[in-house]
Each structure stands twice: as structure tokens, then as C-alpha cells.
Amino acid sequence: MIEVKSLTKTYGKKQHTFTALDDVSFTIPDGASVAILGKSGSGKSTLMHAMSGLDRPQVGEVIINGEDILKLKTKAVDKFRATKMSFIFQSFFVQANETCFDNVSLPLEIAGVSHAERKKKVTAALEAVELGDKIKSKAKNLSGGQKQRLAVARAIVNEPEVLFADEPTGNLDSTTGDVIEDLLFGYAKRNGMTLIIVTHDADLAAKCDIEVRIKDGKIESISEPRKKEVTKPAPRRIQ
Amino acid sequence: MRLRDTIRRAGRSLKNAKARTLLTSLAIGVGAFTITLSLAAGTGGREYAGDIVSSNTNVRELYVQPKQDTQGSVSGPQEYDDTPSMSFGGGFSLKLLEQADIDKITELDNVESVTPVYNVTPKYVTRQGEKKYQTTVEAFLGTIQQEYLAGNGDNVTGETVVIPDSYREVLGFESARAAIGQTVDIVVSPVAAAGGLQDKTYSLKIVGVTKKSDLAALSGQSSLQASNDVVKEMYQYAQQGTPIENAYMAATVLATSEDAVEDLKKNINDQGYDAQTAEDLMSFIFQFINVLQGVLIGFGALAVLTSIFGIINTQYISVLERTQQIGLMKALGMRRRDVGRLFKIEAAWIGFLGGAIGSGLAFAVGTAANPWIRDVLTLGEKTNLLIFEPWTFAAVIIGLMLVSVGAGILPARKAAKLDPIEALRTE
């Protein structure tokens with residue numbers, strides 16, 4: 001379970017202060033998919049950064065599995081991100097000059113996973129996104145959709161508990177976008193992973209269990225969980 | 001992140017910027033090249049000088065002269081001294097050693113033998129039916145290394161002589177082998193011909209012919225070598241009637257072992273003489289080589305210093321270029337320390353490449369140049385002036401890697417401090 005309690009983040013000093021997040025609180029049950037919906041500048045990205053420990057808001061708590069990650073030391077937050085979280089970005093951020101294998105292997109290397117273990121997991125992750133045949137190809141030779149699938153593989157390879165996706169389909173046409181959405185929702189459901197999608201796309205948000213609408217750093221509305229069947233997470237394995 | 005994975009990733013990043021990596025490495029390679037070559041030249045030079053010392057002198061040998069009173073400063077009239085001396089006028093005279101001095105030194109500890117330095121310049125050397133040639137005769141010392149074309153130096157006693165190959169040729173022997181067992185005539189005339197003394201001819205049997213040594217430039221291996229007794233006789237015959245008949249400019253003292261040389265030197269000096277070891281005599285050569293090597297290494301160090309700025313620049317550009325990658329790695333949980341280490345290792349790779357390229361090139365060039373240097377400087381046949389020792393490569397490469405890591409610290413710190421949120425915003 002993720003509890004966000006009265007998060008407040010301001011930029012600047014004295015009369016020039018700008019409040020990016022203003023007393024934001026909500027709760028996400030384990031294994032739920034959540035859309036953080038808002039226009040650009042609404043504070044949705046800042047919220048994501050705070051929830052993942054990349055940013056440190058002045059006030060508030062982010063409690064994941066009973067632990068306030070904002071109170072952890074940098075080293076511990078880094079370890080938390082390396083082992084329990086992952087990210088997908090709008091512009092993929094795959095390393096063009098590296099092979100698919102090396103791209104997907106990066107989070108495991110950061111987490112200090114052994115070489116043999118890495119090989120197994122990377123292969124499985126690439127097969128899960130149907131890029132098993134591209135294992136040795138350079139990322140720059142992939143199409144946009146393939147690149148984002150590669151990013152998905154990189155995001156799921158360390159079997160995270162929480163996956164943050166920042167406009168995951170923003171740079172893709174609707175057909176390839178749908179493929180990525182299916183991959184993400186399918187994987188999250190099968191593995192009981194919490195999926196947090198930051199987007200301004202109402203259609204994508206509608207597919208999530210919970211919609212958190214955010215405007216000017218404040219929560220506008222939180223929808224009731226659409227589906228209640230998320231109860232017991234399945235064993236954490238990549239299918 | 002494991003060190004091995006970091007090293008691999010660092011290597012891959014460099015491979016992705018081949019031209020830049022290579023150029024930066026070449027800059028540091030210039031320094032590596034110079035330093036490796038100067039180390040090789042130093043080693044080769046010292047070895048060459050060592051060869052000269054051992055082929056011209058014996059390390060167990062000390063060169064002993066009387067202590068001169070007026071070293072350097074000749075001012076005012078000097079008091080008369082009854083000991084034998086050579087007077088050069090102007091109040092300057094050179095003291096000589098007497099037999100009593102020789103006996104005194106012989107009785108010291110660790111002395112194997114004392115041989116007065118006899119410098120005999122006979123009138124000429126010749127043999128029947130051949131022309132007369134100028135020469136000098138030295139006492140044969142079995143301890144000096146020399147190469148024999150024929151015969152050997154095992155039995156230079158009595159009326160025997162060892163001649164250089166050049167004399168063998170002019171004296172009309174067809175080959176070195178043919179000269180063995182033949183005799184040459186050495187004619188000595190007294191310096192003070194007052195007593196109506198005649199020239200005296202010494203007929204000596206050739207027992208050895210020595211090869212012209214390339215290393216013997218500094219001493220008289222171009223002179224004839226006769227047994228000590230014969231040379232002494234010649235010396236006394238030539239000097240008879242003069243005040244210095246039984247006095248010598250110097251004596252060579254042979255120590256019982258190499259280890260005893262330094263003690264013996266001190267001992268002899270305490271007795272009021274001036275003793276110099278072979279090393280003392282040759283020390284100027286080593287000093288010269290060391291200074292030269294130091295200057296060369298200085299140039300290399302300067303090149304390395306310049307390349308440090310190149311590395312800093314390259315790494316800063318690399319950090320800027322890969323802002324987004326660094327942001328991603330930090331978002332994925334890579335620790336600051338690991339990010340910094342990644343960039344330091346990249347710098348180390350550049351240093352390794354530069355060191356390997358530079359020292360490798362130095363080895364190739366040096367090895368190729370050795371025969372040419374030998375010809376130009378007419379060194380000995382097997383002498384290499386550039387000697388590469390394996391440790392120098394290791395030292396140069398490791399040293400440059402450390403220097404590069406030092407240069408990479410600032411850019412690495414910049415990378416480590418990068419804010420991932422800012423970094424991921426750049427596109």
C-alpha cells in the first residue's frame with residue numbers, strides 16, 4: 001500500500017514562491033493501477049518525482065509498505081528505487097548505442113545482480129515484450145514502438161513493486177500506444193504490481209482502477225476504485 | 001554496482017566515442033612515449049657505461065695517488081720537500097709514491113696486491129723485416145675483461161706480451177693465430193742518457209692477440225700488455241739515473257673482494273693517500289646519464305601535464321553529452337558514488353590506452369632504432385642504447401592511469417551531483 005500524506009512542495013523563496021504541490025493526500029492499494037491526470041504544469045510530474053523519492057518535498061510523507069521513503073537516507077532511497085521501483089518515460093530514454101540486452105541489463109547491474117542471473121532475467125523480460133529476437137540489436141535500429149517496448153522490458157526486469165510511467169504513450173501513434181498499454185496493464189495484473197501512470201490522456205486514464213485528477217498542485221478529484229477484484233497478488237514472476 | 005560491470009560500461013561508453021577517446025589518449029600517449037624512451041635510454045646508458053667501467057677497470061681495483069698538498073690553489077712559494085716529486089715549475093709539483101708507500105699499503109687489511117702504475121713509452125716496437133711503430137707498454141692485469149682473437153691471457157709471465165689486433169696487422173702477421181708464439185722487439189731508451197746507456201731491446205713472445213674493443217675507448221687497450229716484471233724492468237731501465245727512478249705516479253690496489261673496496265678506500269685515505277674506486281673514476285658518466293634522463297623525463301611530464309587538461313575537457317563534454325543517461329541511471333537507483341566511479345574509470349581507460357599506445361610505440365620505435373644508433377655512434381656490436389625493461393611499461397601505464405583518474409575527478413563529481421529530475425528534462 002502506498003500512502004501519500006499532505007505532500008507540499010514549493011519552489012523559490014519569499015514572495016516569489018510557487019507551490020507545485022499543495023497538501024496532497026491519497027492512498028493506493030497494492031496492485032492497483034492509478035492514473036494521475038492533469039494538464040501540463042499541474043504538478044503531476046512533481047507528484048511522481050516525490051512518490052519515487054527523486055524529489056524531496058518540504059512537507060508530507062510517502063509511506064510505501066509502512067516506510068516513509070522521504071525520511072530515508074539518499075543511499076537507502078537509491079536502493080529502494082533500484083530494487084522495488086522502475087520508470088517508463090515519454091521519450092523512452094533507451095541508450096541508442098547499446099544493444100537491447102545492455103539496455104535492459106542496466107537496472108540489474110545497478111542493483112548488483114550477478115551476470116548469470118542477469119542473463120536469465122533480461123532474456124525473459126525481452127521475450128515478455130516480444131523483442132526476444134532483437135536481443136543483440138542496437139537500440140537505435142528499433143522503431144518508436146519497439147523502443148518503448150524495450151523501455152517496458154527494462155522497467156519490468158527487476159520485478160518492481162511499483163512502476164511509474166510518465167506519459168508512456170505520448171510519443172506513439174494510437175495503435176502502438178495500445179500495444180504498450182496492454183503490455184503494462186497485463187503485466188501489472190499478472191504480477192500484482194502497482195502501476196502509476198502520469199498522463200493528460202483521459203482515455204488512458206479511464207483504463208486505470210483509480211483516477212487522481214490534479215490541478216494547480218491540488219487534488220481535484222479521486223475516483224472510487226473501479227474494480228475491487230485486486231486482492232491477492234500472484235507470485236512475482238515474469239510470464 | 002559491481003566494479004566489473006562499471007569497468008565494462010565505462011569501456012563501452014568510450015567505444016561509442018572512438019575518435020574523441022583516441023585523440024585524448026594520443027595526447028597522453030605523447031607523454032608515455034617520451035617517458036618510456038627516456039627510461040629505456042637511462043637503463044641502456046647506465047648499462048653501457050657499466051660495460052665501459054668493467055672492461056676498462058676492475059671493480060675490485062683502487063687507484064691510489066699521494067695526497068697532493070696544493071690541490072688547486074698554488075699561491076706563493078712552496079717549501080721544499082725532500083720526497084720525490086715531479087716539478088712542473090711555477091711552484092707546482094706532483095708528489096709521487098715511493099716503495100715505502102707501496103709497502104705500507106700492501107700491509108693493510110683486505111689488500112690482495114699492490115701494483116705501481118708503470119707508464120713505459122718505449123722508443124718503438126718492431127720485428128724483423130717490419131717497420132718501427134710507436135707504442136706504450138702497460139702491465140698486464142688478468143682482471144680486465146678482454147676478448148682474444150687468438151691465444152689467451154692465462155699465462156702472461158716472464159718474457160711474454162699480449163698485443164692488440166691492430167699491431168698484429170701492422171707487424172705483418174697474416175692472422176692472429178699465426179702471431180702466437182712469435183716474438184716482437186720492444187726498444188727502450190733511458191730518459192737520462194748521461195751514463196752513456198744504450199737502448200735496450202726486449203724480445204717478447206706473443207701469447208695473445210686481443211680484439212679491438214669498442215668499449216675500450218677510455219683506456220689503453222690499444223697498448224701492448226706485458227707481464228708486470230718486464231714492464232717494471234723497462235720502467236726502471238728507462239728512468240734510471242733520474243730522481244723518480246723508484247717512484248711512481250700512482251699504484252693500483254687490488255682488494256680481496258668487491259665488498260671490501262669501500263672499507264679499503266677509507267682505510268687508504270686515512271693513511272694519507274688519495275684512493276679512488278673504479279666507480280669514482282666513472283661516476284661522472286653515470287651522473288651525466290642521470291641528468292640527461294631527468295631532463296627527458298621532465299619533457300615527458302610536461303606532455304602529460306598538458307594532456308591532463310585534455311582529459312578534463314573530454315570528460316566534461318562527455319558528462320554534458322550524457323546528461324540524460326546519467327539522469328536515467330540515477331532514477332534507476334544508481335548511487336552517486338557509482339556514477340562518479342563510472343566516470344573516473346572512463347578516465348582511467350583513457351590513461352590506460354594512452355600509456356599502452358605511447359609505451360608500445362616507444363618500444364617499437366626504440367627497437368627499430370637500436371641498430372641505427374649503434375651504427376651512428378659506433379657502439380659495440382651487441383650494445384643496445386635503448387633497453388626496455390618490463391617494469392617500465394607497467395609503471396608508465398599504471399602511473400598514467402592514476403594521473404587520468406586524478407584529471408577525471410572534477411568531471412566525475414559533476415556527473416555524480418547531477419539532479420536526475422533536471423537531467424531527465426533535457427531532451
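Start by selecting Lys132(B): is this residue buried or exposed? Lys132(B) has 12 other C-beta atoms within 10 Å, so it counts as exposed, the cut-off for that being 12 or fewer. Keep in mind that you're looking at a predicted model.

Now show the backbone around it. Lys132(B) sits in the loop that links β6 (124-126) to β7 (137-139) of chain B. Setting aside neighbours within four places in sequence, Lys132(B) is in contact with Tyr124(B) and Thr126(B). Next, pick Leu320(B) as well: 188 residues separate it from Lys132(B) along the chain, and their C-alpha atoms are 85 Å apart.

Time to colour chain B by domain. Domain 1 covers 3-53 + 284-425, domain 2 covers 61-116 + 250-256, and domain 3 covers 118-248. Zoom in where domains 2 and 3 of chain B meet: domain 2 gives 11 residues to the contact and domain 3 gives 9 residues. On the domain 2 side, β4 (97-98) and β5 (111-116) of chain B each supply two or more residues. That side is made up of 7 nonpolar, 2 polar and 2 charged residues.

Last stop, chain A. Select Val34(A), Ile36(A) and Ala153(A), which touch the most other members of the largest nonpolar core, a set of 119 residues. Which residues does Ile36(A) touch, not counting those up to four places away in sequence? They are Lys44(A), Leu47(A), Met48(A), Ile196(A), Val198(A), Val212(A) and Ile214(A).

Note on methods:
Residues numbered from 1 in each chain as written. Chains lettered and ligands numbered in written order. Predicted model: local features only at pLDDT ≥ 70, side-chain atom pairs only at ≥ 80, totals over all residues. Core = buried A, V, L, I, M, F, W, Y, C linked by C-beta atoms within 7 Å. Buried ≥ 20, exposed ≤ 12 C-beta atoms within 10 Å, placed from the backbone. Contact = placed C-beta atoms within 7 Å. Domains from an automatic or database assignment. Helix = DSSP H or I, 4+ residues; strand = E, 2+ residues; numbered from the N terminus. Nonpolar A, V, L, I, M, F, W, Y, C, P; charged D, E, K, R; others polar.
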